[in-house]
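Hi there,

Here is the structure I promised to pass on.

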Amino acid sequence: RARQPFAAASSVRAWLSSAAAPRGGDAPAFEFDVAVVGGGHAGCEAAAAAARTGARTVLITHKFSTIGEMSCNPSFGGIGKGHLVREIDALDGVCGKVCDYAGIQFRMLNSSKGAAVWGPRAQIDRVLYKQGMQAAIRATPNLDVITQPVEDISIGPDGVIQGVILADGTRVSCRAVVLTTGTFLRGEIHIGQKSWPAGRKGDQPAIGLSLTLERLGFTLGRLKTGTPPRLDGNTINYDGLLVQKSDDPPTPFSFMNSTVAQKDRLVVCHLTHTTPASHRIIRDNIHLSNHVQQDIRGPRYCPSIEAKIIRFASKESHQIWLEPEGLDTHVVYPNGISTTLPEERQLDLLRSIKGLENVSMLQPGYGVQYDHIDPRQLHASLETRRLPGLFMAGQINGTTGYEEAAAQGIVAGLNAGRKVTGRTPVVFDRADAYLGVLVDDLITHGAPEPYRMFTSRAEYRLHLRADNADLRLTQKGYDAGCVSRERLDHMRARKARLDHATDLLQAFQLTPHEWIRAGHDSTCRDGVRRSAFERVGRGELDLPAVRAMVPGLADLDEETFKFVAIEGQYSHLIREQQTSIERYRREEGMLLPGDIDYHRLPALSAEVVERLQKVRPPTLGAAARVPGVTPAAVVMLMQYVRRAYPGDRAAIRAAEQAGAP
């Protein structure tokens, strides 16, 4: 094993339910500033972020051994998702560094397309990931761990959060709570026609918290997801299957890393496909799967194999990636064949697939149904509107995927920590980050189906690239109190290198004739001087040529060259997008009063009024993004606010001029 990325520390104490402490009563057993409920991807990032702000934080989870558990696929990143991991890392989050420690295959998806949609992805060793994440939690100052289920939230007579109640009655005092319960809220597992309460195979659901949220008046919904069977890799015939290798060299997730821990032990994946026989087995037995039959929305973009057969009835095959679950295990994850058929039918299905004719199934696939809240009940800080001090992150907000959960976790944890230390919320807008796109989509549109991030959801993709996340976010994170000085200095040093290279390339200008004399042909013979920056952007100068020609860049490194080349290639589009961003921020800058009664706008239709009352957008720009709100309605709303709230005009005008939300 490679050295772990985080040194074990004594800053975490795992308290067990048998701890001698007051039960119930007035005196709390433990006192903290922030309590984070749930040790999954959202919970780990939320707890670490809250602790980094200086808040005394406790992570409360059923078992310390399941912190960092990868419940479904053994991978991180992808299209849009990889951007989120880079942004989490830019804010000093932990999952990027842990992925660089535990990753066993790294690929840059979409690398043949434009840089805006490149998606870093890594295949992960499950055991190493848990080890790395648990070490990260241990090494985080201000962070403790309690291993107990949470059954209730304690609220004082003044409506202020006082803490949480554990399953054994112990009260943990705190001033902010972050719920990151994943699929555990009234979770129920389904295989065939069998079902039983569970948040994940082998783990009990959280029933009490669902009842608490209902009692507090939150609107809950029901979603479902699923996971494929696990296979014995020793019984797979890989002959004739397409081999997928790792990129060489691998690209780390973390901006703090120049390489990855397992670079000498990288693995391959294999591609196979379902067959017409596979589809017949599914069609003949789909009536035996209650999970599929029930009218509960599942993930559109990561559907079960049953849903694929129904939705794409004319397709004769579907891809299945055979992904190793680790370096020291023979377990294989068949990505693309999530199923809830009865166990015996699952084995028939598997053995109808090339390479799996004699496969052994180690664990059947299963589905999970669980409660979630309507995320339109949240502020952009991920604090709930109904109960101040209560934050929510992850699948409880209707999302799917580790990356989406972790991204919400860092936003909620950061803002919970700032709240209890007397600071204002930090909001990421749609031009700041994919974090902002994610949160804005959730609080504006809700989650009628499990939400997944894609680059297509962002309006400013050229600005929100994966390779510049630190340049966009690290200074903001440092100002917010969740980024270390070490990371800030690292970002500033990188930015200085990029700016220096860009300046020298832009300053080095030659006429077409001079470029030809220097050994570089020119397609333009108009006599106009053109910079090396332009030519690098058009792919007409490679790194050796730049090192040889441009004074001061003899030692230019490859990473800096690649970044500058992207900036040069898209420079005119980036300038145009920056203009769009400024216009967007002017619209976001008009704040809407929190007490506005939309029923008092007689010119608005009943449908528009209903939607605005439900979402309660914080800005005029957010109101324009609410489904069903017309441009005419936005103009009427702007005019009404200016007329009905004359005392707020100065503040509104100042916000508009500042161009900031």
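Let me start with a question: does Cys 482 count as buried or exposed? Cys 482 counts as buried, at 1% relative accessibility; buried means under 20% relative accessible area, exposed over 50%, and partly exposed in between, using a 1.4 Å probe and protein chains only.

Before going further, please keep in mind that this is a predicted model, in which local features need pLDDT of at least 70, side-chain atom pairs count only at pLDDT 80 or more, and totals for chains, interfaces and linings use all residues. Residues are numbered from 1 along each chain as its sequence is written, and side-chain values use heavy atoms, with hydrogens and water left out.

**Cysteines**

The structure holds zero disulfides (a disulfide being a pair of cysteine sulfur atoms within 2.5 Å). For Cys 482, the closest cysteine sulfur belongs to Cys 95 and is 13 Å away, too far for a bond. Cys 174 is buried, with 2% relative accessibility.

**Aromatic rings and charges**

You will find four aromatic pairs in the structure. Rings of Phe, Tyr and Trp (its six-membered ring) pair if their centres lie within 6.5 Å; planes under 30 degrees apart count as stacked, over 60 as edge-to-face and the rest as tilted. One of the pairs is Phe 76 with Tyr 402, which is tilted, with 5.5 Å centre to centre and 35° between the planes. This pair links distant parts of the chain, since Phe 76 is in strand S5 (residues 75-77) and Tyr 402 is in helix H10 (residues 402-420), 326 residues apart. Helices (H or I, at least four residues) and strands (E, at least two) are DSSP runs, numbered from the N terminus. Both Phe 76 and Tyr 402 are buried, and together with Tyr 129 they form one aromatic cluster.

Another tilted pair is Tyr 460 with Tyr 584, at 5.7 Å centre to centre and 50° between the planes. Tyr 460 lies in the loop between helix H11 (434-445) and helix H12 (469-480), and Tyr 584 in helix H18 (residues 571-588), so the pair ties together parts that are 124 residues apart in sequence. Tyr 460 and Tyr 584 are both buried.

Two arginines are worth a look as well. The charged end of Arg 86 sits over the ring of Phe 255, 5.3 Å from its centre, and that of Arg 465 sits over the ring of Phe 563, also 5.3 Å from the centre. A charge sits over a ring if NZ of Lys or CZ of Arg is within 6 Å of the ring centre and within 35 degrees of the ring normal.

Ser 210 is in helix H5 (residues 207-215) and is buried, with a relative accessible area of 0%. Leaving aside neighbours within four places in sequence, Ser 210 is in contact (heavy atoms within 4.5 Å) with Leu 185, Arg 186, Leu 220 and Asp 371.

Thr 399, in the loop between strand S23 (390-392) and H10, counts as buried at 0% relative accessibility. With neighbours within four places again set aside, the contacts of Thr 399 include Tyr 370, Glu 404 and Tyr 451.
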